[in-house]
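Hi there,

Here is the structure I promised to pass on. My notes on it follow below.

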Amino acid sequence: MAEDIGESLVGSYLRYVAGCEFVLFNTFLPGEQGEIDVIGIRLGTPRDIYFSEVTTHIGGMTYGGNKNTVDKVRSKLVRARSFAQDRFPGDNHHFEVWSPRVPVGAMTKQFDAMKVEFASDASDLTFVMNQQYGDRVQALIGVAKDNSKATSDPAFRLLQVLSRVKTSSGPLTL
């Protein structure tokens, strides 16, 4: 189970929207310090494996300035790519970095350069931030509104409950 609500939200998206049959949280990398926040596995031939780093900083994505943030994100992605190639050879690898608030500017330009770098390795890299983050959460809310089955996914369960709560002036606005 996810220890972080942001990770739970991403895991719920991978399970209920992206169609991953397996979702793993906080997978520690062998022989290294570090972890992958969320891994989603969608079965098929080949399988689609999602490696998601989640940074739920409400005030904006930062690890002590633009350079430190870009360096840390790149390091996490390089380790995830190495893990993916070692543990899931022959599968489709999708790397994602999720953050609800990222200032657009110098840092996002460097993230765009990282996407090109990863594309050269036939890896798929997506930065799920700002409006795209919101769009994915909105898609998850849509699924939660139509799904009343009990779940052990805390973020998804919360969305199910909130989508059914009524106020004195009508339904909650999500």
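**Strands first, then a helix pair**

Strand β2 and strand β3 (residues 48-54) run antiparallel and are joined by five bridges; two strands pair if DSSP finds at least two bridges between them. Helices (H or I, at least four residues) and strands (E, at least two) are DSSP runs, numbered from the N terminus. This is a predicted model: local features need pLDDT of at least 70, side-chain atom pairs count only at pLDDT 80 or more, and totals for chains, interfaces and linings use all residues. Residues are numbered from 1 along each chain as its sequence is written, and side-chain values use heavy atoms, with hydrogens and water left out.

On its other pairing, β2 (residues 35-42) is antiparallel to β1 (residues 22-28), with six bridges. G40 in β2 stands opposite V23, and its bridge partner in β3 is Y50. In the β1 and β2 hairpin, with six residues between the strands, G31 has a positive phi near 75°. The β2 and β3 hairpin has five residues between the strands, and there G44 takes a positive phi near 155°.

Now the helices. The axes of α4 (residues 131-146) and α5 (residues 154-162) come within 8 Å and cross at roughly 65°, the axes being lines fitted to C-alpha atoms over the stretch in contact, with angles from 0 to 180 degrees between N-to-C directions. That makes α4 roughly perpendicular to α5 (65 to 115 degrees). L140, I141, V143 and A144 in α4 meet F156, L159 and Q160 in α5, where contact means heavy atoms within 4.5 Å.

Best wishes

Definitions and conventions:
Parallel < 35°, antiparallel > 145°, perpendicular 65-115°, else oblique. Buried < 20%, exposed > 50% of the residue type's maximum accessible area, 1.4 Å probe, protein only.
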